[in-house]
Amino acid sequence: MKSFIILVVCFFAWSSAAETKPGRFLSLPVPQKCANHTIDFTFNGHNYFYSGTEDGNDQFTFDKARQYCQQFCTEPISLETEEEFDLIVNFMKRGKIPYLWTSGRNCPSGHCPVNDQRNSTWRWLGSGQPIDASQNIPDGWTKRPWSYTGHFKWTQPDNAEFRLNGSTEDCLALLYNVYKDGITWHDVANDHNETNGETYSWLYGRNLCREYCMDAVSINTQQENEFVKRFMNKKEIKALWTSGRSCDFPGCNGTFKGDILINGWFWSADLNAIEPANKINKGWTYNPWSQTGHNKKPQPDNAEFEVNETKEACLALFRDVYEPAVGWHDVACYQEYHVLCEDSPKQFNYRGHNYFFTGHVPELANKRYDWLDARNLCREYCMDATSIETQEENNLIYRLIQQHDIPYIWTSGRLCDFAGCENRTDLIPKNIFGWFWSANREKIQATNQIPNGWGYNPWSKTGHKKKPQPDNAEFDINQTAEACLSVLNNVYGDGIAWHDVACYHEKPTICEDSEELLNYVAATNPGIRL
């Protein structure tokens, strides 16, 4: 979420009581302020002043910005001409102003009593004039001032935050290159008044990183900790999320011994345990956990639980908050801070591809997925469910399953039994020639033969019907096709082997790097390190 400082223009206020939110009212002018406020520049007979000039770095929500302006007999700016917009753009560039509120507001039908032939629900509340929010260039302009991108890379206005947390983006702000789009118009939620850029809850911060095939940072060494501290000092960041998490949820029983508050922390991105919080980490010369906090006790202290029974189960770094230094703190996971992203989980590597088993990610340890959801989980990391194309790769997967006594996993294997497959003569009979790896669209060799380059057939010789796999056994029971490929661990007394299984069954999976997704993210995010 973003903070905004407002720029204001002097003209008589036009407003409607219906436009304000219940319980919120516009301010009456303060005569002394109207007479004596700063004037930064004049355009077409209107005086303008920037709130940063008058009141330093004060930040406002949209409603409070209007209240602030109206004390000076003014309103936030209404950018009704391209000439005025260009004037403000140049002012923002000179002052390096990252964002500004305008008086633009999206009003529900009937709440803005202005005749508008374009039927736009957006209005300049300062003047009452309609705003063209269509995909067209406004009349009299040479360019469309709304941005072509935003949080979801969608053309503005897009009401993006509503999809994230239910907040309506019904206010118009100018953002300065926030999305590498120059100074452009964006729809923004009314209640943005946090400072210094984007902030997120712990889970949403991690999910944001995962959009780029990354995860929140895991600080495993003192050298890495020093790097992050220097980064926070350089950027003047007060608080920063890591992937650190307390193992206080179902499935953690017995994972960590002793007091969970002290011993139960781990890096959720790379699965590594964090050393006990009351000891200096191995290979470190100091304890990174802060020695003070809200309760003036060494961290972690779960302080918020005493206030509102909310556990402080996530790990953040604070700079100069409780002490003049950067230190680790346990924090309630709903709090909103910046997040630093780094590469995603890797459990082992084979021929340049990274792999990880979802059951070894603590917050996913007890979760199971149908075949499609398992693939989608992997795809968040620029990975996909594994495609087992060689005997060596198959042996790696088998050893992992055997060593950790994993009962079953999904692969990306799929039967070509859907639309588009019906006229493929090369797939007949389907149960032998109709299988492929959906992650890379490579055909799987004939199921009744030892694959080329292999010393054995990975398909099981038995199953529910005591027939060689694949046998589509469930179809005889409930007419559900067994169209997805799973590796089962001795379920039918057959060792670790491949089986055809109905795709709705829920299992963990092993994720493997996807060249296609990695290349897509690299192409759409120039300069990103993957």
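Strands β22 and β23 form a hairpin with six residues between them, where strands are DSSP runs of E of at least two residues and helices are runs of H or I of at least four, numbered from the N terminus. N490, in the turn, has a positive phi of about 60°. The model is predicted, so local features need pLDDT of at least 70 and side-chain atom pairs count only at pLDDT 80 or more, whereas totals for chains, interfaces and linings use all residues. Residues are numbered from 1 along each chain as its sequence is written, and side-chain values use heavy atoms, with hydrogens and water left out.

One of the facing pairs is L488 with its bridge partner A497 in β23. Strand β22 also pairs with β19 (residues 408-415), again in the antiparallel sense, over four bridges. There, R414 stands opposite C484.

Six of the six residues of β22 are buried, a term that means under 20% relative accessible area, with exposed over 50% and partly exposed in between (1.4 Å probe, protein chains only). C484, S486 and L488 point one way from the strand, and L485, V487 and N489 point the other way.

Helix α4 (residues 82-95) has 14 residues and should span 20 Å at 1.5 Å a residue, which agrees with the 20 Å between its end C-alpha atoms; the expected span is 1.5 Å times one less than the number of residues. Its buried residues are E82, E84, F85, I88, V89, F91 and M92. Just after α4, K96 takes a positive phi of about 50°.

F85 also belongs to an aromatic cluster with W122, W124, W141, W146 and W185. Rings of Phe, Tyr and Trp (its six-membered ring) pair if their centres lie within 6.5 Å; planes under 30 degrees apart count as stacked, over 60 as edge-to-face and the rest as tilted. By this rule the count comes to 23 aromatic pairs. W141 and W185 form an edge-to-face pair, 5.8 Å centre to centre with 85° between the planes. This pair links distant parts of the chain, 44 residues apart: W141 lies in the loop between β6 (122-124) and α5 (160-165), and W185 in strand β8 (residues 183-188). Both W141 and W185 are buried. F318 and Y322 form a tilted pair, at 6.2 Å and 35°. F318 counts as buried because its relative accessibility is 9%, whereas Y322, at 37%, is partly exposed.

Key. Two strands pair if DSSP finds at least two bridges between them.
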